[in-house]
Amino acid sequence: MNDNAKQIALHTQAMIEAGRMFHSRGWVPATGGNFSVKLSSDQVLITASGWHKGELAADGFLVAGLDGKPLDATRKASYETLLHMQLYQHDSKIGAALHTHSIANTVLSRRHSKIRLAGYELLKLLPGINTHDAEVSVPVFANDQDIARLAAHVDEHMKQHPETPAYLIAGHGLYAWGANVAQARHRVEALEFMFECELWSEKK
Ligand SMILES: CSCCC(=O)C(=O)COP(=O)(O)O
Ligand SMILES: [Zn+2]
């Protein structure tokens with residue numbers, strides 16, 4: 001196995017494990033969710049469309065260019081590929097992106113136009129934050145089946161608000177990212193925890 005194949009195998013395994021864990025937590029029901037890792041400045045390893053994310057295997061991934069087109073034209077990349085590509089094009093430090101469909105993120109994103117998270121210790125998992133005494137705003141975008149249009153909308157917001165730590169799509173799910181799968185996964189876990197806390201607080 002050459003170095004490139006070894007790297008792909010490691011990234012694949014990290015995403016398979018994230019999928020199993022997310023499914024065990026109820027964050028990627030049915031075939032919801034998608035995951036990716038940037039392999040180089042112009043190639044991304046991304047989940048194929050329609051796979052159950054708790055049951056991913058090596059052939060559940062494919063390599064695509066930053067334009068979202070699979071290198072092997074016979075494979076179908078995630079329906080939401082362009083949302084991943086927007087992140088990699090927006091910030092070269094982003095190395096992995098993970099998308100979940102949890103109950104908490106779905107309910108909150110249907111109720112609010114942004115989610116304010118303040119005073120949580122787990123905020124320290126988010127970029128640039130080193131104290132619980134902080135506040136972040138997670139934007140909520142209207143869902144759109146035109147993913148190119150949705151990606152352009154996200155991009156416009158992120159250019160105006162480069163501190164955006166993650167985002168939600170209304171009634172749909174969360175997009176979070178990091179330098180690698182481990183960091184993106186920690187951020188998903190922290191955000192899903194804080195969203196559950198917010199949902200519990202609203203029930204009181
Ligand atoms: C079956 S859920 C609808 C599509 C979606 O929101 C999703 O996250 C999964 O789509 P993919 O094409 O990446 O499997
Ligand atoms: Zn989705």
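Helix H1 passes helix H5 in a right-handed crossing, where right-handed means that the near helix is turned clockwise from the far one by less than a right angle, and left-handed that it is turned anticlockwise. Here helices (H or I, at least four residues) and strands (E, at least two) are DSSP runs, numbered from the N terminus. H1 covers residues 3-24 and H5 residues 181-203; they pack at an angle of about 15°, with their axes 10 Å apart. Axes are lines fitted to C-alpha atoms, for helices over the stretch in contact, and angles run from 0 to 180 degrees between N-to-C directions. That angle makes H1 roughly parallel to H5 (under 35 degrees counts as roughly parallel, over 145 as roughly antiparallel, 65 to 115 as roughly perpendicular and the rest as oblique). On the H1 side the contact uses His11, Ala14, Met15 and Ala18, and on the H5 side Val181, Ala182 and Arg185; contact here means C-beta atoms, placed from the backbone, within 7 Å. By class, this contact has five nonpolar residues, one polar and one charged, with Ala, Val, Leu, Ile, Met, Phe, Trp, Tyr, Cys and Pro taken as nonpolar, Asp, Glu, Lys and Arg as charged, and the others, Gly among them, as polar.

All of this comes from a predicted model, in which local features need pLDDT of at least 70, side-chain atom pairs count only at pLDDT 80 or more, and totals for chains, interfaces and linings use all residues. Residues are numbered from 1 along each chain as its sequence is written, while chains are lettered from A and ligands numbered from 1 in the order in which they are written.

H5 has another helix partner in H3 (residues 103-111), packed at about 55° with the axes 9 Å apart. H3 and H5 are therefore oblique to each other, and their crossing is left-handed. Ala104, Asn105, Val107 and Leu108 of H3 meet Glu192, Phe195, Glu196, Glu198 and Leu199 of H5. That contact splits into five nonpolar, one polar and three charged residues.

Over on H2 (residues 81-90), the axis comes within 9 Å of that of H4 (residues 147-160), and the two cross at roughly 30°. H2 and H4 are therefore roughly parallel to each other, and the crossing is right-handed. From H2, Leu82, Leu83, Gln86 and His90 take part, facing a set in H4 that includes Ile147, Leu150, Val154 and Met158. The tally for this contact is eight nonpolar, two polar and one charged.

Now for the sheet. Eight strands make up an open sheet in the order S3-S2-S1-S4-S8-S7-S6-S5, with mixed pairing (strands pair if DSSP finds at least two bridges between them). S3 and S5 (114-118) are the edge strands, each pairing on one side only, and the twist averages 20° from one strand to the next. S1 (residues 34-40) and S2 (residues 43-47) run antiparallel and share four bridges, with a two-residue hairpin joining them. Val37 is bridged to Leu45 of S2, and Leu45 in turn has Val63 of S3 as a partner. H5 lies across S1, S4, S5 and S8, at about 140° to S8.

His99 ties the sheet to the ligand: its bridge partner in S8 is Tyr175, and His99 is also among the residues around ligand 1 (C-beta atom, placed from the backbone, within 6 Å). Others in that shell include Gly32, Asn34, Thr47 and Glu80. The shell divides into two nonpolar, nine polar and one charged.

Notes:
Two residues are in contact if their C-beta atoms, placed from the backbone, lie within 7 Å.
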